[in-house]
Amino acid sequence: MKIAIVGNGQLAQMLIESVKDLAFKIDAYPLPEINQNGHSNAHEIVMWQNKLKSYDVVTYEIENISVELLKAVAQETQVYPAIGALKVAQDRLAEKKLFTELEIETNNFIEVNSKEDLLLAKDLLGFPFVLKKRRFGYDGKGQFVIKAAADLQQAWDALGQYDLIAESFVNFDFEVSQVASCDQFSNIVFYPLVRNEHREGILRETHVLTDASELSMVAQEVVKRFIRHFNYVGTFAMEFFVKGNTLYANEIAPRVHNSGHWSIDGANISQFRNHMLAITKEEIVQVKVNARHIMMINLIGENVPKCQLPENVYVKSYGKELRAGRKMGHINIVDNELETFIESVNIIYKNVAAKSCLEEF
Ligand code: AMP
């Protein structure tokens with residue numbers, strides 16, 4: 001089977017590694033040219049259509065791909081996950097509207113195309129509220145928390161040139177995400193709900209919640225609605241804010257997700273392998289966690305430790321050149337015993353902070 005992955009970052013790398021024992025021929029391609037409105041020109045579209053038509057299946061690792069380009073490729077071969085899900089994920093307004101249509105709880109929102117709309121948003125949502133770019137915002141970039149009337153002009157100066165959405169600020173207790181995979185036989189498997197902590201808008205830690213049954217049930221039911229709506233095939237993720245017992249849907253990712261990286265070492269089957277099984281017409285595998293305590297730490301603009309670490313620690317380097325704010329790798333800690341689990345977390349943070357542990361053991 002010949003598989004093409006559009007995008008050749010760490011997610012593609014991990015997708016490939018997850019099935020290296022299977023007889024697939026996989027190529028990962030750098031992203032097609034795309035303009036700031038999310039479109040690729042006709043020449044680019046035809047070029048990719050020709051390049052990808054000999055593959056049995058095409059998948060993607062990132063949302064930054066033009067929908068018309070993938071639709072053109074889909075005339076020639078199978079593309080998963082559903083392009084409709086990608087289209088919604090590319091536009092925060094479409095996303096919020098679909099949450100509403102599918103009766104999925106989300107925070108209030110309003111489309112903003114002018115300064116008048118912004119003033120209307122202020123009246124409807126009250127302070128604080130968040131002004132966000134509808135498209136191409138990522139890792140907390142392209143958004144502005146408006147706390148008082150004095151911030152309105154500054155927010156407009158920063159973002160006014162884009163299509164925008166304003167949404168109410170959720171004073172959440174914590175953030176979670178639900179990762180799931182669905183195959184071509186309509187089987188859905190869910191990874192456990194995870195709690196996510198961000199640093200400067202970038203995911204820093206993911207904690208696997210092995211005992212969040214009530215929230216988990218809601219999250220799974222909501223994700224199922226999305227998956228069924230799109231006839232979705234592959235791995236899918238949805239992020240939520242949690243306030244009390246309520247989950248507010250924040251955004252979707254029609255792809256493998258950073259908050260699912262723990263599954264490489266902490267589960268019997270990773271989100272990557274289930275994605276690859278799903279898109280190649282295999283049955284996906286039910287998920288079982290390997291331990292009671294599982295956590296992932298993202299290395300952001302930090303060196304990837306190279307020395308020997310405790311045996312409950314799994315280090316993954318993305319092989320990139322060190323740059324501020326760049327995801328360099330991640331570390332999974334998987335343990336049944338709380339004491340040794342915490343010990344390892346402390347060792348990792350000490351090493352990362354001290355920039356030690358850079359020589360091979
Ligand atoms: P997003 O790109 O929408 O996932 O936003 C990045 C991060 O900003 C989220 O993970 C939250 O920590 C925070 N954030 C975004 N929108 C809101 C909101 N409406 N209320 C509170 N925090 C938010």
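**Loops, a disulfide, a sheet and a helix**

Mentor: Let us begin with Pro128, which sits in the loop between α6 and β6. Please keep in mind throughout that this is a predicted model.

Trainee: Which kind of peptide bond joins Phe127 and Pro128, cis or trans?

Mentor: The bond between Phe127 and Pro128 is cis, with omega about -10°. As a general point, most peptide bonds are trans.

Trainee: And what is omega for the peptide bond from Tyr80 to Pro81?

Mentor: For Tyr80 to Pro81, omega is near -5°, and that bond is cis. Pro81 lies in the loop between β4 and α4 (83-89).

Trainee: Staying with the backbone, what is phi of Glu103?

Mentor: Phi of Glu103 is near 55°, a positive value in a residue other than glycine. Most residues other than glycine have a negative phi. Glu103 belongs to the loop between α5 (92-101) and β5, and its relative accessible area of 67% makes it exposed.

Trainee: What about Glu200, where is it found?

Mentor: Glu200 is in the loop between β11 (194-199) and β12 (202-208). Its phi is positive, about 50°, although Glu200 is not a glycine. Is it buried or exposed? With a relative accessible area of 76%, Glu200 is exposed.

Trainee: Changing topic: how many disulfides are there?

Mentor: The count comes to one disulfide. It is formed by Cys307 and Cys357, whose sulfur atoms are 1.7 Å apart. The pair links distant parts of the chain, 50 residues apart. Cys307 is in the loop between β15 (293-300) and β16 (313-317), and Cys357 is in the segment after α11 (338-353).

Trainee: Why is the disulfide called left-handed?

Mentor: The torsion about the S-S bond of Cys307 and Cys357 is about -85°, so the disulfide is left-handed.

Trainee: Are those cysteines buried or exposed, or in between?

Mentor: Cys357 is buried, at a relative accessible area of 10%. Cys307 counts as partly exposed because its relative accessibility is 21%, and buried means under 20%. Cys182 counts as buried, at 2% relative accessibility.

Trainee: Now the strands. In what order do the four strands of the open sheet lie?

Mentor: The order is β2-β1-β3-β4, and the pairing is parallel. The edge strands are β2 (25-29) and β4 (78-79), each of which pairs on one side only.

Trainee: How many bridges join β1 to β2?

Mentor: Five bridges join β1 (residues 2-6) to β2, and the two strands run parallel. Within this pairing, Ile3 has Ile26 of β2 as its bridge partner.

Trainee: Which helix lies across β1, β2 and β3?

Mentor: That is α10 (residues 271-279), which runs at about 145° to β3 (57-60).

Conventions: Residues numbered from 1 in each chain as written. Predicted model: local features only at pLDDT ≥ 70, side-chain atom pairs only at ≥ 80, totals over all residues. Heavy atoms only, no water. Disulfide = S-S within 2.5 Å. Buried < 20%, exposed > 50% of the residue type's maximum accessible area, 1.4 Å probe, protein only. Pairing = 2+ DSSP bridges. Contact = heavy atoms within 4.5 Å. Axes fitted to C-alpha atoms, helices over the stretch in contact; angles between N-to-C directions.
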